[in-house]
Structure formats: structure tokens, C-alpha cells
Amino acid sequence: MFPLDVIREAEKDLAMEFHYYDEIAYVNQVKVLNAFKNHRVRENNFHPASGYGYGDYARDNLEAIYTEVFGGEDALVRSQIVSGTHAIASCLLALLRPGDELISITGAPYDTLGKVIGKNKPIRGTIIEKGIDYKEVPLNDEGHPDIEAIRRAVSDKTTMVLIQRSKGYSLRPSLGINTIKTLIDTVKSINPSTIVMVDNCYGEFAEDTEPPQVGADITAGSLIKNPGGGLAPSGGYIIGRQNLVEEISYYLTAPGLGKDLGASLLNSRWLYQGLFMAPHTVMQAIKGACLIAYIFEKYGYDVFPRWNERRVDIVQAIKLGSPDEVLKLCQIIQSNSPIDSDVQLEYALLPGYTDQVVMAAGTFVQGSSIELSCDAPLREPYCAYLQGGLTYEHVRFVASKIIEWLTEGK
Ligand SMILES: *Cc1c(COP(=O)(O)O)cnc(C)c1O
């Protein structure tokens, strides 16, 4: 069979899945549209502000829209937040004080947060070096949050718990919003004043509900992943309870200044239009991930999630078993990207990571992973983590190249 025939067969099986995700995209599209209508967005609101950024209407109105869409009380949506790690780290560093207790209740957090916490080496400024007591509740043997262990770990001393929605560089299932709700309810039933924080990276708009709508106190993520819709040139967001957002804003700028400063600098159309596009773009990526999973399964590989499992984020893990195969898959993606298609990839150390990593990201926005991208740490069991795709058609073409590799090239 020609690669495209394999894909057409796959798409017959995937039709029901695709239909399900189209309905989610629709619900989220209407939600975003209504927020735009409620906040009376006008084209001439997009002009960049300069200097201190007092009264920066483009920024303030965008933050109000994010607040409505995600269901919080207030938000920070800023290009000055340099990445998802910066957004999450700002929440932790702003809200925790020496003597406080932070518990990651979904096992080890994302690689770059290990450094923020200072797990291996508490360099100055990390959570542990600041005298904050840090614990982790491991996942159970099936990779699910261990509710009984969480009950035992959380106490009246627990200041904050961290929940990570997406799997990160692990094979555990990503958390659905219902599971997140159960975790929040569990923690709050033991200590209602514990701040529940959700690392929402890669989960935005994958389901019809967001963490603040099920009781998360503070939620953070990156604008060069899902909610930027592939258009946001950089930035991060933080959404949650008003008093918490205010405290974090004092950390990001300065006490007393808070949210009132920080000029938008760039034309904000990218951020507005990106959010408007995000529900659709996320589903392009999710459908692409379904197809990729289907194909690897067909050729005998273990994939997480399986092709027909309900997805709650955009990440597709593929267990390839060797560093060379991981590199090869990344190279296929890189070589079939709109940008930097002639680049040869290799494993290397990147700031924030402990293991060497390889990252295929032939993207319009550097490192953007709502665009088709694939990355992997150099460690067992040698999995590749593929995500994104601005158009399903692009992923479909790359899938045909993957089929060629799996059938002939090996
Ligand atoms: C991407 C990601 C982050 C943050 O990564 P940045 O590259 O700093 O934006 C944090 N947590 C998870 C689960 C992620 O996927």
C-alpha cells in the first residue's frame, strides 16, 4: 500500500474520534468568541503601548478575556513572561515563604521545574534553597495519582500543592479535568486553605473545561503552546484567584506596581488572534496526534495514549527504544518543517534540562510546540514526545514520511 492509502484507512477508523474532538473545538470556539464579544474587542485596540505601560488597554482587555475564558478571577497574560517554566516558577516563588510546604501530588514535575525546585542541586534562589519544604507524592503503579497517599501527605501544614495536567517526559497518562477536580476536592477536604496550583501546559482547549473552573486556585502555562494558537510570538499566562494573581504580579514587577506596569510592546493582534484560533489549532494538533499514534501502533510500537484513547492534551509519546530511532523520527519531522528543514539535529544540553535533549522544531516561532514538533530527553526508555501541528494536513504529510521510514527505510 502507498503511504496515503494507509492514512486513508486510518482515517476511516479515526472518523468517530475526529468527530468527538470537533465538538470540543466547537464548544471552546464559542466560549472564546463570547468572551471577545463581551469585552467589545476592536481592531484599533491592538496598538502596542510603550514605557511603563500604564493603562495599556490591549494588555488589560486581553487579560480580562483570558480570565473569562478560563474561569478565574484575574489573569496575567504577558510577553514579559518568557516561557511556561517562568510562569509556573513565578507562581511558586511569589506565593511560598520559608517554612511553607509545597507538595507535588502528581509525581515528579516537568524537567525544567526540577531545577526551579532545586531537587538535585539547590542553587541560590530555588524553592529548596529558600527554605521551603518540598515533597513529592509518587504516582501509583499504573501512573495515576495515588489518592490515598495524597490524603496521607497533605496536612494543615501544606501551603501549596502542584498538579501537572500533561505527562511531561514520562509515560503516565495525562490528567483529565475530572481527575484534576477529584485531586482538588481531595486536597481541599483536608485543608481548604492549601493553594492548588495547576501546570496547564499542553492541556488548554483539549477539553471543554479548564482547571480554574473546577476549583484550581492558580493555573499557568505558555503562550507558545496551546493558547497562543500558533500566532503568539512569546509569553505566558497565569490565571486564578484575584489575591494570588496580585501577589504574583508583585513578584513579576515589584510590590506596589503589580499588574499596572508592563507595556505590551508588540501589536497585541498576535495574542488576540492566537487565542481566537487556539480551539481550532489545538484540535488540528490532537487529530494529528491520533493519526501518528494509529500509525505507530499499526507498525507495532507502544504509544501513549493509544490511538483511540480519549486525549486530554496534545502530547503523543512513542516508545522507540533507542536514541538513534528517536533522533531519526525527530529528523523526519525537522526535515519536513516549513522552517529550518535543512537542519541536522543532534542531542545537546539546553538551559533548564538535566539530560541532553533533541528537539525538532522547524517552527515559525522559535521552539513553539503548538507547531508540529518532537522532542525527547536522552534517557531510557527512549521515547519521543510529538505534539502540535498548525494544520492537520501538515501532520498528515509527515505521517506519510513516517510510514515510508517504517516500511522501507529500516
Ligand atoms: C512545556 C511544559 C512546561 C514549561 O516549559 P517551557 O518550555 O518553559 O514553556 C511545563 N510543564 C509541562 C508539563 C510542559 O509540557
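The points below go from the overall fold to the ligand and then to some details of the backbone.

1. A word on the source to begin with: what you are looking at is a predicted model. Please read every value below with that in mind.

2. Let us start with the whole protein. It is built from 10 helices and 12 strands. The radius of gyration is 21 Å, close to the 22 Å that the globule rule gives for 410 residues, so the protein is as compact as a globular protein of that length.

3. Where does the ligand sit? Look for the largest pocket, which is the place that holds the ligand. The residues around the ligand are S83, G84, T85, I88, Y110, Q164, D199, C201, Y202, S222 and K225. Sorted by class, this shell has 4 nonpolar, 5 polar and 2 charged residues. Helix α3, residues 84-95, gives the largest share of the shell, with 3 residues.

4. In T85, an N or O atom of the side chain is 2.4 Å from an oxygen atom of the ligand. D199 has a polar side-chain atom 2.6 Å from a nitrogen atom of the ligand. For K225, a polar side-chain atom lies 3.1 Å from an oxygen atom of the ligand. As for cover, the ligand taken alone exposes 380 Å², and the protein buries 89% of that.

5. You will find Y202 in the loop between β5 (195-199) and β6 (218-222).

6. Which residues does a cis peptide bond join? P305 is placed in the loop between β8 (302-304) and β9 (316-319). Another cis peptide bond joins E380 and P381, and there omega is about 5°. P381 belongs to the loop between β11 (373-377) and β12 (383-387).

Technical notes: Residues are numbered from 1 along each chain as its sequence is written. This is a predicted model: local features need pLDDT of at least 70, side-chain atom pairs count only at pLDDT 80 or more; totals for chains, interfaces and linings use all residues. Side-chain values use heavy atoms; hydrogens and water are left out. A residue is near a molecule or strand if one of its heavy atoms lies within 4 Å of it. A polar contact is a pair of N or O atoms within 3.5 Å; within protein, one must be able to donate a hydrogen and the other to accept it, and residues adjacent in sequence count only if both atoms are side-chain atoms. Accessible areas come from the Shrake-Rupley method with a 1.4 Å probe; for residues, only the protein chains shown count as cover. On a 1 Å grid over the protein atoms alone, a cavity is a set of points where a 1.4 Å probe fits but cannot get out, and a pocket is an open set with protein on both sides within 12 Å along at least five of seven lines; lining residues have an atom within 4 Å of a point. A molecule sits in a cavity or pocket if more than half of its atoms lie within 2 Å of its grid points. Helices (H or I, at least four residues) and strands (E, at least two) are DSSP runs, numbered from the N terminus. Ala, Val, Leu, Ile, Met, Phe, Trp, Tyr, Cys and Pro count as nonpolar, Asp, Glu, Lys and Arg as charged, and the others, Gly among them, as polar. The radius of gyration is taken over C-alpha atoms; the globule rule is 2.2 Å times the number of residues to the power 0.38.
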